[in-house]
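Let's take a walk through this structure together, one piece at a time. Have the sequence and the 3D view open as you read.

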Amino acid sequence: MSTRDLVCVALALVVGGCAGASMTPSGMESPNLGREATPGQIAGWDISVGPDGVGLPPGKGTPATGATVYEQKCQVCHGAKGAGQPNDRLVGGHGTLASKAPVRTIGSYWPYATTVFDYVRRSMPYIQPQTLSDDEVYAVTAYLLNLNGIIGENDEMNAQTLPKVKMPNQSNFIVVYPSRGK
Amino acid sequence: MSVKWLRRLKIVSAPIMTKDETSRYTDLQGDGKSLMFTYPMEVKSVITRPSHGMTLQGAGLHQISGIAWSGNGTIRKVEVSTDGGKSWTEAPLVAPVLSRALTRFRLPWRWDGTAAVLKSRATDDTGAVQPEREKFIADHGNNAIFHFHGIQAWSVAANGEVKHVYA
């Protein structure tokens, strides 16, 4: 799919179709580019997961199964047990945020555990994104949370348990805009 | 230049808290707290001419020129210093001066051929004044890089070479 097609699909979602001229202002003819996104395409893109767990798919995984997936699919870029190198460190850094050399990892910095699932599912592995099964994503998420000391080694992550995980740095984020609680 | 393509829009009732909006584009402060969803850029300016990498061709009359902007309103004034911030001169703004828009300022400068440090300091119509770099770091720490708006200094050497300096 070309970039122009993607733009047109995006517009289709907003205005109801690039092919139809009915939505163009003052009766101007549209250029009739692109085509309507199919329900299947939209479902494939509509994979965001909120901090309340909305959008999490069925499935489950534990740190033990996640370790296997991690070693096969993630370790080459993120190092053994999430230690980092050549790419981002994923584990540790607790207690460093107020220091001169803060280490921002999933464990020390990220405010929501659901973000790990969302990001791994949509973007990882870097050279083969969206090739992991939902069970594998739950498992890798569980593995990384366990390495960071946030969940136990036998804790299963699924659509019910993952949103309940309390991340240690969550209370240190200050929402600037829009201002809340007024 | 980094061109971004808008591919899709999804309307949600609350932030999804994606990787970038939580772990990347948040401003870690010196005390370990982090600011999230910090959309406006505070008042800022930079001298674009002369600037790092340029060379002044001898003493005499030069025009200092740069841009200022504020995410909170309209640029009210820009001051320029050629002595590292000891003294300041207001630089006239070039129309149009619009809210939340880049605003050009200019100031003629007779360079005496000795070492100098150039700075610009913008003030917006909310009264906010662009801080010195040290003040910004004291308030926000060393890691709040996405919204850094401290004063930018350029050194001018006796041979005319202009370089980036912390001053």
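Start with two helices in chain A of this predicted model: helix 5 (residues 114-123) packs against helix 6 (residues 134-147) at an angle of about 130°, and their axes are 9 Å apart. Angles over 145 degrees would count as roughly antiparallel and 65 to 115 as roughly perpendicular, so helix 5 of chain A ends up oblique to helix 6 of chain A. The crossing of helix 5 of chain A past helix 6 of chain A is right-handed.

So who actually meets whom here? Helix 5 of chain A brings Val116(A), Phe117(A), Val120(A) and Arg121(A), while helix 6 of chain A answers with Val137(A), Tyr138(A), Val140(A), Thr141(A) and Leu144(A). Sort the residues of this contact and you get seven nonpolar, one polar and one charged.

Now hop over to chain B. There you'll find an open sheet of five antiparallel strands, in the order 6-5-9-10-11. Strand 6 (89-91) and strand 11 (162-165) of chain B sit at the edges with a single partner strand each, so each has one side without a neighbour in the sheet. On average, neighbouring strands of this sheet are turned by 35° against each other, direction ignored.

Zoom in on one end of that sheet. Strand 5 (residues 75-81) of chain B pairs with strand 6 of chain B over three bridges, in the antiparallel sense. Val80(B), for example, has Thr89(B) in strand 6 of chain B as its bridge partner.

One last thing, about confidence. Chain A averages a pLDDT of 86, with 82% of the residues scoring at least 70. Over residues 1-22 of chain A, though, pLDDT stays under 50.

Definitions and conventions
Residues are numbered from 1 along each chain as its sequence is written. Chains are lettered from A and ligands numbered from 1 in the order in which they are written. This is a predicted model: local features need pLDDT of at least 70, side-chain atom pairs count only at pLDDT 80 or more; totals for chains, interfaces and linings use all residues. pLDDT is the predictor's confidence in each residue, from 0 to 100. Two residues are in contact if their C-beta atoms, placed from the backbone, lie within 7 Å. Two strands pair if DSSP finds at least two bridges between them. Helices (H or I, at least four residues) and strands (E, at least two) are DSSP runs, numbered from the N terminus. Axes are lines fitted to C-alpha atoms, for helices over the stretch in contact, and angles run from 0 to 180 degrees between N-to-C directions. Angles under 35 degrees count as roughly parallel, over 145 as roughly antiparallel, 65 to 115 as roughly perpendicular and the rest as oblique. A crossing is left-handed if the near helix is turned anticlockwise from the far one by less than a right angle, and right-handed if clockwise. Ala, Val, Leu, Ile, Met, Phe, Trp, Tyr, Cys and Pro count as nonpolar, Asp, Glu, Lys and Arg as charged, and the others, Gly among them, as polar.
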